[in-house]
Amino acid sequence: MAGKRNTKTEAKIKAAFTSLMQSKGFDAMTVSDIARAAGINRGTFYMHYIDKFDLRQQLIDDTIDDLTRILVENSDDNGQTVTSDGKAICDAFKETAIAKALHYVKNDYAFFNAVSRSGTDMQLYDRLKNVLKQLIVAQAKRFGEEPKHDYNGIPADYAMEILVSAVSSIIWLWIRRGCKETPEQICHIIEINKTTAPIDVLW
């Protein structure tokens, strides 16, 4: 990307990209389409992005950065997600990191919906899984816990995949269904899932 960031222009470009993803799909859209829908000229677009691929990549990168920041900032000093009363569970939903992340998703539903329906492009889903995995590993290290080699006979790496895939799939299905449930309801579903999935694969 060249030039200085202009958040208003980038917001218009993102809105245009999101709309075109829904109406034409990524492969069919052109930079001219994006510029026209955003109400800007092609030169302005190229001041911010190299091409439509760079635009998509930067939007996904920014989204993952935002979600990571939300999850990290809402953890205590030990890296454990907590509620306002200090409980490391998803009871006081609005105070939890996962609930705040879900509110972020719902507030930007149009973009997430467009990306989730983009066919073979599952980059956002895969990167969400990686963020969850990294946070779980980081939490274990902060507590100084030694990783288990297996969980009830399941190798730790497979158990980790079961957990992060389950959580990511719940969120992805929620998006695909139109975010009909509240973030708090999805948080509760995830909490129930954690009681049946190998949540303590690392400690």
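Predicted model: local features only at pLDDT ≥ 70, side-chain atom pairs only at ≥ 80, totals over all residues.
The protein has nine helices and two strands.

- Two packed helices are described by the angle between their axes and the distance between the axes.
- For α4 and α5 (residues 97–107), the angle is about 150° and the axes lie 8 Å apart.
- Angles over 145 degrees count as roughly antiparallel, so α4 and α5 are roughly antiparallel to each other.
- On the α4 side, the residues that meet α5 are T63, D66, L67, I70 and L71.
- Their partners in α5 are A97, I98, K100, A101, Y104 and V105.

**The whole protein**

- In sequence order, the elements follow the pattern α-α-α-α-α-α-α-β-β-α-α.
- The protein has 203 residues, and 42% of them count as buried.
- Take the contacts in the protein with a separation of 6 or more: 68% of them join residues 24 or more positions apart.
- The accessible surface comes to about 10900 Å², and carbon and sulfur atoms account for 52% of that area.

**Helix α1 on its own**

- Helix α1 covers residues 7–23, which makes 17 residues.
- At 1.5 Å a residue, α1 should span 24 Å, and this agrees with its end C-alpha atoms, which are 24 Å apart.
- The buried residues in α1 are T9, E10, I13, A16, F17, T18, L20 and M21.
- What covers these buried residues? The cover includes α2 (31–38), α3 (42–48), α4 (52–73) and α6 (109–116).
- Just after α1 comes G25, which has a positive phi of about 90°.

**A closer look at T9**

- T9 sits in helix α1.
- Is T9 buried or exposed? Its relative accessibility is 13%, and buried means under 20%, so T9 counts as buried.
- Setting aside neighbours within four places in sequence, T9 is in contact with I40, T44 and H48.

**How α1 packs against α2**

- The axes of α1 and α2 come within 8 Å and cross at roughly 120°.
- α1 and α2 are therefore oblique to each other.
- Their crossing is right-handed.
- K12, I13, A16 and L20 are the α1 residues that meet α2, where the partners are D33, I34, A37 and A38.

**How α1 packs against α4**

- Here the axes come within 11 Å and cross at roughly 105°.
- Angles of 65 to 115 degrees count as roughly perpendicular, so that is how α1 and α4 stand to each other.
- From α1, the residues I13, K14 and F17 meet L55, R56 and L59 in α4.

**Helix α8**

- Helix α8 runs over residues 156–176, a stretch of 21 residues.
- Its end C-alpha atoms are 30 Å apart, which agrees with the 30 Å that α8 should span at 1.5 Å a residue.
- After α8 comes G178, whose phi is positive, near 95°.

Terms used:
Residues numbered from 1 in each chain as written. Heavy atoms only, no water. Helix = DSSP H or I, 4+ residues; strand = E, 2+ residues; numbered from the N terminus. Buried < 20%, exposed > 50% of the residue type's maximum accessible area, 1.4 Å probe, protein only. Contact = heavy atoms within 4.5 Å. Areas by Shrake-Rupley, 256 points an atom, 1.4 Å probe, with all protein chains shown as cover. Expected span 1.5 Å × (residues − 1). Axes fitted to C-alpha atoms, helices over the stretch in contact; angles between N-to-C directions. Parallel < 35°, antiparallel > 145°, perpendicular 65-115°, else oblique. Left-handed = near helix turned anticlockwise from the far one by under 90°.
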